[in-house]
Amino acid sequence: MPTFSNPVSEPMIHSVPPQSATAMPRSNRPPTLPLALLLAIFAAAVLFSSTSRYPQEPLLSSVQRPSVRANWAVKSVVRTPRFADISRIRRSPKTFAIDVSEEKVTSQTPIASRPDRPGIEKKSSVQIQGYDPSRFPGPFSKTKVLATVGPASDSFEMLEALWLAGVDVFRINLSHGTHEKHREVVKNIRDLEDKYQCVIGILLDLQGPKLRVGRFKDGPIMLEKGKSFRLDMNEELGDINRVTLPHPEIFAALVPGTSLLLDDGKVKLEVVDCGEDFAETKVIVPGKLSERKGVNVPEVTLPISAMTEKDKKDALFGVEVGVDWMALSFVQKAEDIKELRSLIGDDTAKIMAKIEKPAALQDIDHIVEEVDGVMVARGDLGVELSPHQVPVVQKRLVSKMRTVGKPVVVATQMLESMISSPTPTRAEANDVANAIYDGADAVMLSAESAAGSYPVEAVTTMESIIREVEGNPEYRIRMESGASIRPKPSDAMIPAARAMARHINASAIVCFTTWGRIAQRISQERSTRPIIALSNSQKTARRLALSWGVYPIYNACDPQECVSADQISYEDFSFDKVIELAREVAAKKSLAKPGDMLVVTGWQPGGVQGANILRVVQMLEE
């Protein structure tokens, strides 16, 4: 066992060189203290220093304080029966002795990492003596995993493997593939739902307007710094002096001094002169330019719609196959969201705005008000903004969405190296962790799961990072203080449910919701307890798959025969029946055992809109 040195400097006892009695009379010598008294003073000083370092963190009671043994070299998660109280453990050798290496860890309790995923083991990195991990409230991660489907993952077998590894929502990217292929993917996902009687969300990502230069006569060119280069509407093949830019809307928005970014910002041009069909530019950042490379104009709001004709057809296709979310690319203003909503209708799919342009940040308040969720799409955002600005924007957007209570996804290049490597870089793991610490509802995999060589490993890695962060006391501290939630009168029962679940150490919060608003509001509170959302709407259940900590359950039934846990009917409403269903669901999903407590909330007919009833119920013996 390693030794621990007290961080507070120890009192120094200075020795006096021995002198003869004649050199100094006894009456003039400094007073001496008995050895026992010196030791008592020293012990009191050490005790005072160890307690005064954390005056705000009282020790847990002997019942709550676990005995933990692990290795300091292994960044292990300390799991206690009282998740919310973990930050109160005093960091001292007396209560935090760790000395076991990773090779000696033997805790592999066979408990599902998610309550709806059979056959997955929870592998705890810490052995806690006298503690049963199966009673830990919330043995699954709360932050959701969104994975892109592509050639590497579009078969039923791969989709099943990804879901079992931890994916909650699958993303279909309409920038690639055909409608026939995407229809097959949707069918595979719905077949997966039927096989496991679970809820899986589908997000359809619209391509948006792609602004690209034309083709070159002799292949790629090399633009040199300070040289002139012309962009125009001439359809002739380009050369070292010019190239076609078939987008009159860009020329209409240009003024001298405007910056143009080509090929994801690798080449930068500055407009010197311009007209309705041309722009004379100077090369600011030189580089190689190939045909059909993208063009970004970060400094202006382009007078174009966020939807092309292709996007409109794709959106209607999404409505046809029944996707749950639609992500709109290159949103610049709230009107872009309204345009898509008017096309697909109000009750078809939730709309997510991809924040990729600086113009969107200027109108972000109106966009957030209009949209159902936001994706921080850091790829194009990192092109149009300086790289050092992206982390600040990410944190700002996550905080804003938490405040309003709408889902927020952090996306792009999260585990980029895992496209070709079975393990991520340390920086990538830190990037994912930071998004989770910020409070994101979901983190997303793009090419890692769509076209990479290790899609399952990428999901497993992301799930592991989520678990490690969510088990950290610092995460709970941030979730407690990370958002300024403004409760409404109709929401008053939600904070009460969260507080009650914490104080009575409830195993889960169960809510009944038709439209998803109650479940989403509980998710906004970031409770340490699992949130079981029971809904009589399949659409609602699937949409909630993206919300932090919410595990939606749905199964259609005849109102006269609704007796099983997954069968919910609001006709002939009886809250006693609600409680019975809550107990059955918690038992079936292994979220509670006989004797455990549940907090049940929902809307009871005749009361105010929103959650208007709150009950505490106890799990009964089988």
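Contact here means heavy atoms within 4.5 Å. Keep that in mind while looking at this predicted model, where local features need pLDDT of at least 70, side-chain atom pairs count only at pLDDT 80 or more, and totals for chains, interfaces and linings use all residues. Residues are numbered from 1 along each chain as its sequence is written, and side-chain values use heavy atoms, with hydrogens and water left out.

Let's start with a pair of helices (DSSP runs of H or I, at least four residues, numbered from the N terminus). Helix H5 (residues 309-321) packs against helix H6 (residues 334-344) at an angle of about 50°, their axes 10 Å apart. Those axes are lines fitted to C-alpha atoms over the stretch in contact, and angles run from 0 to 180 degrees between N-to-C directions. On the H5 side, Lys312, Ala315, Leu316 and Val319 meet Glu339, Leu340, Leu343 and Ile344 of H6. Sort these contact residues and you get six nonpolar, no polar and two charged; Ala, Val, Leu, Ile, Met, Phe, Trp, Tyr, Cys and Pro count as nonpolar, Asp, Glu, Lys and Arg as charged, and the others, Gly among them, as polar.

Now for the backbone. Most residues other than glycine have a negative phi. Asp263, though not a glycine, has a positive phi of about 55°. Gln413 is another non-glycine residue with a positive phi, near 60°.

Terms used:
Helices (H or I, at least four residues) and strands (E, at least two) are DSSP runs, numbered from the N terminus.
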